[in-house]
Amino acid sequence: MAEIGVHARSLPGLPDAHARIPVWNAEDWYYEDFVVGDKIRSIRRTISEGESMLFNSLVMDHHPYVSDREFAEQQGVFGKRLVAGAMVFSYGLGLVATNCLNSFSYGYDRLRFIKPVFIGDTIYTIRENLSKQVDSETTGKLRVSYSVYKGEGELALYAEHLLTALYRDPAAFAEEAKQRQAEKRARKQQAAAERADDNG
C-alpha cells in the first residue's frame, strides 16, 4: 500500500516551512502507486439522531422510515428509524477518503444496501483496490470497493468506485494507451454501424 500522510505538496499562499509539512489525509499517489489487492480500514463512527435529521433536511428526504419515529416504531418493518441509505453511502466513502490529489471520481457501480443502519449504529469501512487499467495518454482507470460494516462486522453496504488517476510517467503507458483508445473508437464505430442497420 502506498504510504498515507507522508507526501508533502506545496500550495500557493503558504510559507515554505508550512508547505513542507505533509497534509493529513491528502495524498500524492499516481496510477503507478495503486496496488491491486491493497486494503485500508477506517476509524469507526457512530451516527447520531441530530446528524441524521440534519442530513434528511439538507437533502429533503423525509420518508417516514427516516423521519417519523412513531411510524417507524409502530408500523415500520424494522421497529425503529433508519439512517437514510444515501447518508450511509456518503459516510462510508468519506471514512476512507484519502483525498488523493491525482485521482478523480468517474462513477459508482454495484451499490447495494445490504442491511439497515439505525440511528445510534456505529459503522466503519474497508476499501480495497480491485483493478486498474491503462486508459488514455494521461490517465488510467481504477476500480475500488467500499464495504461498510456496522457493529461487530455486519456488512451493511457495498459499492464499487470508478476513478481515473494521472500517470507519474505517461511515456511508460503511451503505446498501451494508444491501443486502448483505438479499441474504444472501433467499438463506437461498430455500435454506430449496428444502430444504422437497425434503423435502416
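Predicted model: local features only at pLDDT ≥ 70, side-chain atom pairs only at ≥ 80, totals over all residues.
Residues are numbered from 1 along each chain as its sequence is written, and side-chain values use heavy atoms, with hydrogens and water left out.

Q: Why are the buried residues of helix 2 said to line one face of the helix?
A: The buried residues of helix 2 (residues 49–59) are Glu 51, Ser 52, Phe 55 and Asn 56. Seen down the axis of helix 2, these residues fall within an arc of 140°, so they line one face. The arc is that of the directions from the helix axis to the C-beta atoms. Buried means under 20% relative accessible area, exposed over 50% and partly exposed in between (1.4 Å probe, protein chains only). Helices (H or I, at least four residues) and strands (E, at least two) are DSSP runs, numbered from the N terminus.

Q: What covers the buried residues of helix 2?
A: The cover includes strand 2 (45–46), helix 3 (64–67) and helix 5 (85–95). Contact means heavy atoms within 4.5 Å.

Q: Which exposed residues does the face of helix 2 turned away from its buried side carry?
A: That face carries Leu 54 and Leu 58. Together with Val 59, Leu 54 and Leu 58 make a nonpolar surface patch of about 310 Å².

Q: What makes the pair of Tyr 65 and Phe 71 edge-to-face?
A: Rings of Phe, Tyr and Trp (its six-membered ring) pair if their centres lie within 6.5 Å; planes under 30 degrees apart count as stacked, over 60 as edge-to-face and the rest as tilted. For Tyr 65 and Phe 71 the values are 5.3 Å centre to centre and 85° between the planes, hence edge-to-face.

Q: Why does Tyr 65 count as buried?
A: Tyr 65 counts as buried because its relative accessibility is 17%. Phe 71, with a relative accessible area of 21%, is therefore partly exposed.

Q: Why is the pair of Phe 78 and Phe 118 called edge-to-face?
A: The ring centres of Phe 78 and Phe 118 are 6.1 Å apart and the planes stand at 65°, so the pair is edge-to-face. Phe 78 lies in the loop between helix 4 (69–74) and helix 5, and Phe 118 in the loop between strand 3 and strand 4, so the pair ties together parts that are 40 residues apart in sequence.

Note on methods:
Patch = residues over 30% accessible without salt bridge, like charges linked within 9 Å, V, L, I, M, F, W, Y side chains within 5 Å. Areas by Shrake-Rupley, 256 points an atom, 1.4 Å probe, with all protein chains shown as cover. Salt bridge = Lys/Arg side-chain N within 4 Å of Asp/Glu carboxyl O.
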